[in-house]
Amino acid sequence: MKEVELIQGRVFIFGDNIDTDQIYPGRYLELTEPEEVALHAMEGADPDFPSKVQPGDIIVGGKNFGCGSSREHAVITLLASGVRAVVAKSFARIFYRNAINRGLPAVEIPDLEPNSISQGSIATLDLKNGTFSLSHGKVYKFIPFPDNIMAIIKASGIMPFYKAKATSQTPEKT
């Protein structure tokens, strides 16, 4: 299981209503290799994002992040590009669930003020204690994930979580 309770990285700021086609344009759906997919992360919102993002970075969004289609490709693309978490004022319901199912922390902070955060500043996301701290001193609080959701995130998604759970249980002998 990966260590995810404390995530520190540079922030990339995006506005309201960033849809899944901006996160991963549909014209690339035929791509399957993570390295190829990552080349198109956030292309619809910032064409230069793939050349700027580094492993461990954090996306900060406004309201309704991940709206649009229900394709999992949006989350897969963010993970492939190295994004470790997405923090937003609110998420589209299906994107949020896809993120958790794939092991990407999607942290909702309704009082988040993305416009007051500097692009590229360093932030620390403490999933255990429910804080999002910015390098300029501002700290936002959120409700930490419950243990069952944290277990899925630590396992890198719901499928690895259940595979690990299945292999750790031995069948009863009769």
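**Backbone and charges**

Analyst: S156 lies in the loop between α6 and α7. Helices here are DSSP runs of H or I with at least four residues, strands are runs of E with at least two, and both are numbered from the N terminus. This is a predicted model, where local features need pLDDT of at least 70, side-chain atom pairs count only at pLDDT 80 or more, and totals for chains, interfaces and linings use all residues. Residues are numbered from 1 along each chain as its sequence is written, and side-chain values use heavy atoms, with hydrogens and water left out.

User: What is phi of S156?

Analyst: Phi of S156 is near 75°, a positive value in a residue other than glycine. Most residues other than glycine have a negative phi.

User: Switching to charges. How many salt bridges are there?

Analyst: A salt bridge is a side-chain nitrogen of Lys or Arg within 4 Å of a carboxyl oxygen of Asp or Glu. By this rule the count is six salt bridges. One of them joins K154 and E5, with the closest N and O atoms 2.8 Å apart. That pair links distant parts of the chain, 149 residues apart: K154 is in helix α6 (residues 147-154), and E5 is in the segment before β1 (6-13).

User: What does R71 pair with?

Analyst: R71 forms a salt bridge with D21, the closest N and O atoms being 3.4 Å apart. R71 is in the loop between β2 (58-61) and α4 (73-81), while D21 is in helix α1, 50 residues apart. R71 is partly exposed at 22% relative accessibility, and D21 is partly exposed at 38%.

User: And R102? Which residue does it meet?

Analyst: The side chain of R102 meets that of E72 in a salt bridge, 3.3 Å from N to O. R102 lies in helix α5 (residues 93-102) and E72 in the loop between β2 and α4, so the pair ties together parts that are 30 residues apart in sequence.

User: Where is there a patch of negative charge?

Analyst: E30, E33, E35 and E36 gather in one on the surface. Patches are made of residues with over 30% relative accessible area and no salt bridge; like charges are joined within 9 Å, and nonpolar side chains (Val, Leu, Ile, Met, Phe, Trp, Tyr) within 5 Å. Lys and Arg count as positive and Asp and Glu as negative, while His and the chain ends are not counted. The place of a charge is NZ of Lys, CZ of Arg, CG of Asp or CD of Glu.

User: Where does E33 lie?

Analyst: E33 is in the loop between α1 (20-23) and α2 (34-38). E33 is partly exposed, with a relative accessible area of 43%.

How values were computed
Areas by Shrake-Rupley, 256 points an atom, 1.4 Å probe, with all protein chains shown as cover. Buried < 20%, exposed > 50% of the residue type's maximum accessible area, 1.4 Å probe, protein only.
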